[in-house]
Amino acid sequence: MLWHILMIVGIVITVSLIIFLLVIVIRALNFKPLPIPESLEQKVEIDREKVVNDMVAMIRCKTVSNRDEKLVDREEFIKFQELLKERFPLVHEKATLEHIGKTGLLYTLKGENSDKPSVCMAHYDVVPVDEELWTKPAFDGLIEDDCIWGRGTLDTKGTLCGIFEALEYLLSTGYVPKQDLYLSFSGEEEIDGDTCSDIVAHLEKLGVKPAMVVDEGGAVVNNVFPGVKEECALIGIAEKGSVNMEFTMDSKGGHASTPPVHTTLGTLSKAVCDIEKKPFKRHLTTPVAGMFNVLGRYSTFAYKLIFANLWCFEGLLDMICKKSGGELNAMMRTTVAVTRMEGSKAYNVLPPKAYFGINMRLMPGDTIDSATEYLKKTIGNEDINIRLINGMNPSICSDTKCEEWDKLSSVIHSTWPEAIVSPYLMMACSDSRHYCKITDRVYRFSAMRMSKEERGMIHGNDERVPIETLLTTVEFYERLFQVL
């Protein structure tokens, strides 16, 4: 009798296992690429010499922003603004320019209608440069090896140049947008300044509700997703929040020759280890789920088994992400990077106060308050004081089931036909988050093909843009303006 029961149980388990394997394999086999966006047939004209000369002139304006106003050369910012008037006369003739906030430039080009306006953004300030670490001068706009060298070529004077070049050309052909078009530029994005917020407040006061906002973010990249060889055009539909915190501990100080059993730095180091040992729980957010659903269909079969069956393998994927670290892990959870630690100024003195500092990137679903509580619980030491330095919560998630998303996807596909267009979660912060106050259609896409090396040049050394990349950026914006 017992043998019969065991045999029946064995059969049930075997059949169940076979059915389970069949389900996940069939789902993986049916996990095929989604329909590609529609291609657009549009006339595109580009004056290569003008684009190159204009970009070089923009780079020569040293619009370096700094939190210390005494270190900012405001004349360079004025020089840049005057350059725009000189180089793009039709834009300044046809559009209305308003100076808003400290550095804001808001251009308004009236369209045939005003019910679905669009906003194209960029920032014209750049981060500081250590000239000694650059191979070429950072602000000479040098052209070498078919590249334009200089700070801001990628972040984001290149896209700003593309916007102006495209619109200047289209206006010369009698172009009038179907809907009102706004160009929104800030000169203090790199220091989280108030300019973009001021522009949004101004538009809100006017009752402007953008149907679409396009700002820096993802790009056309390769080798960024497991098992996918094709190029990917990633559009950020949300961005993580950025938070800086300080963890401080006081002591009586004293001479290092008679230390306590646990020094303040030792205790703080334990807290650091506890935080790193207990990462935040995973969140499969809308942008990341969308990315898996699009790009996972192009991956190898082994990865398709996972991405087509996240209901079963999300835990396994999470283990892979935690082990790999980096961007894949950051897509799944709130991350904590310990970036600062300080104790005594002398080797033989116990510090009366010691601290470490972190930069935390919040996933949608987490908040500054909830993350702080999690860290307090993880550390479990009331003698360590946690202080918020500054920060912002994650942005809202933008809509991808709308006409605007389809338009943007079609423009991208028409410009980079081989690239897979996909949503993604942006790890860094941008000025576009302010626009989430007045619209849920903010799309973060830097209209450039960027290699891993080039992405590393953003805020790094030897920043430069291939001329062909810049010309394609102009091409992208010409197409985009024609559908707005």
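Me: In this predicted model, contact means heavy atoms within 4.5 Å. Which elements are included in what covers the buried residues of helix 3?
Reply: Helix 3 spans residues 74-87. Its buried residues are Glu 76, Phe 77, Phe 80, Gln 81, Leu 83 and Leu 84. The cover over these residues includes helix 2 (48-59), helix 4 (89-94), strand 1 (96-100), strand 2 (104-109) and helix 5 (157-172).

Me: Within what arc do the buried residues of helix 3 fall, seen down its axis?
Reply: Buried means under 20% relative accessible area, and Phe 77 and Leu 84 are among the residues of helix 3 that qualify. Glu 75 and Glu 86 are exposed on the other side of the helix. The buried residues line one face of helix 3, because down the axis they fall within an arc of 150°.

Me: Which residue caps the N-terminal end of helix 3?
Reply: Helix 3 has 14 residues and reaches 20 Å from its first C-alpha to its last, close to the 20 Å expected. At its N-terminal end, the backbone nitrogen of Glu 75 lies 3.1 Å from a side-chain oxygen of the capping residue, Asp 73.

Me: In strand 7, what is the bridge partner of Cys 120?
Reply: Strand 7 (residues 212-221) runs parallel to strand 3, joined to it by 3 bridges. For Cys 120, the partner in strand 7 is Val 214.

Definitions and conventions:
Residues numbered from 1 in each chain as written. Predicted model: local features only at pLDDT ≥ 70, side-chain atom pairs only at ≥ 80, totals over all residues. Heavy atoms only, no water. Pairing = 2+ DSSP bridges. Helix = DSSP H or I, 4+ residues; strand = E, 2+ residues; numbered from the N terminus. Expected span 1.5 Å × (residues − 1). Buried < 20%, exposed > 50% of the residue type's maximum accessible area, 1.4 Å probe, protein only. Arc of directions from axis to C-beta. Polar contact = N/O pair within 3.5 Å; in protein donor to acceptor, adjacent residues only side chain to side chain.
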